[in-house]
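Please prepare a briefing on the structure shown here, grouped by topic and with the cut-off behind each term.

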Amino acid sequence: MRIAQVIGTVTLSKAVAEFRGARLKLAVPLSLDDLQSSDDPQAEPLVVYDEFGAGEGDRIMLSEGGEAAQPFHPEMVPVDAYNSGILDEITLDL
């Protein structure tokens with residue numbers, strides 16, 4: 001699981017039935033350096049399945065790959081990244 005920042009919303013002209021009730025967000029995974037600075041993150045953005053209503057600028061918990069599909073088991077949902085939760089606060093103890 002990684003931390004990511006939502007940078008936008010993905011709009012589909014046609015969606016698969018498994019995506020009903022959720023939105024797709026565009027999020028950038030954050031490195032430790034990104035968490036410590038106020039600069040824009042430089043990683044490649046991902047399309048994330050979001051059931052929690054994350055907004056632009058929110059930091060989220062990001063699951064990827066096979067772990068991203070686990071909330072839907074035993075159904076097959078075509079997702080590669082899943083928003084596991086919205087973070088209220090991040091504390092770094094270095």
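## Briefing on the predicted model

Asp-88 is found in the segment after S5, where strands (E, at least two residues) and helices (H or I, at least four) are DSSP runs numbered from the N terminus. The model is predicted: local features need pLDDT of at least 70 and side-chain atom pairs count only at pLDDT 80 or more, while totals for chains, interfaces and linings use all residues. Residues are numbered from 1 along each chain as its sequence is written, and side-chain values use heavy atoms, with hydrogens and water left out.

**The segment after S5**

- Asp-88 is exposed, with a relative accessible area of 82%; exposed means over 50%, buried under 20% and partly exposed in between, with a 1.4 Å probe and protein chains only.
- Between Asp-88 and Asp-58 the C-alpha to C-alpha distance is 8.5 Å, although 30 residues separate them in sequence.

**Overall fold and confidence**

- The chain has 2 helices and 5 strands, in the order β-β-α-β-β-α-β from the N terminus on.
- The radius of gyration of the chain is 14 Å, close to the 12 Å that the globule rule gives for 94 residues, so the chain is as compact as a globular protein of that length. The radius is taken over C-alpha atoms, and the rule is 2.2 Å times the number of residues to the power 0.38.
- Along the principal axes, the C-alpha atoms fill a box of roughly 45 × 25 × 20 Å.
- The average pLDDT (the predictor's confidence in each residue, from 0 to 100) is 85 for the chain, and 97% of the residues score at least 70.
- Among the elements, S1 has the highest mean pLDDT (94), and helix H2 (residues 66–69) has the lowest (74).

**Surface and contacts**

- Of the 94 residues, 32% count as buried.
- The accessible surface of the chain is about 6,300 Å², and carbon and sulfur atoms contribute 47% of this surface. Accessible areas come from the Shrake-Rupley method with a 1.4 Å probe; for residues, only the protein chains shown count as cover.
- Among contacts (heavy atoms within 4.5 Å) with a separation of 6 or more, 59% are made by residues 24 or more positions apart.

**Strand pairing**

- Strand S1 (residues 2–10) pairs with strand S4 (residues 59–64) in the antiparallel sense over 4 bridges; pairing requires that DSSP find at least two bridges between the strands. In this pair, Gln-5 stands opposite Arg-59 in S4.
- S1 also pairs with strand S2 (residues 23–29), again antiparallel, over 6 bridges, and Gly-8 stands opposite Leu-26 in S2.
- S2 and S3 run antiparallel and are joined by 5 bridges; Lys-25 stands opposite Val-48 in S3.
- Because 5 of its 7 residues are buried, S2 is largely enclosed by the rest of the structure.

**Aromatic pair**

- The count comes to 1 aromatic pair. Rings of Phe, Tyr and Trp (its six-membered ring) pair if their centres lie within 6.5 Å; planes under 30 degrees apart count as stacked, over 60 as edge-to-face and the rest as tilted.
- The rings of Tyr-49 and Tyr-82 have centres 6.1 Å apart and planes at 20°, so the pair is stacked.
- This pair links distant parts of the chain, with Tyr-49 in strand S3 (residues 46–50) and Tyr-82 in strand S5 (residues 81–87), 33 residues apart.
- Both Tyr-49 and Tyr-82 are buried.
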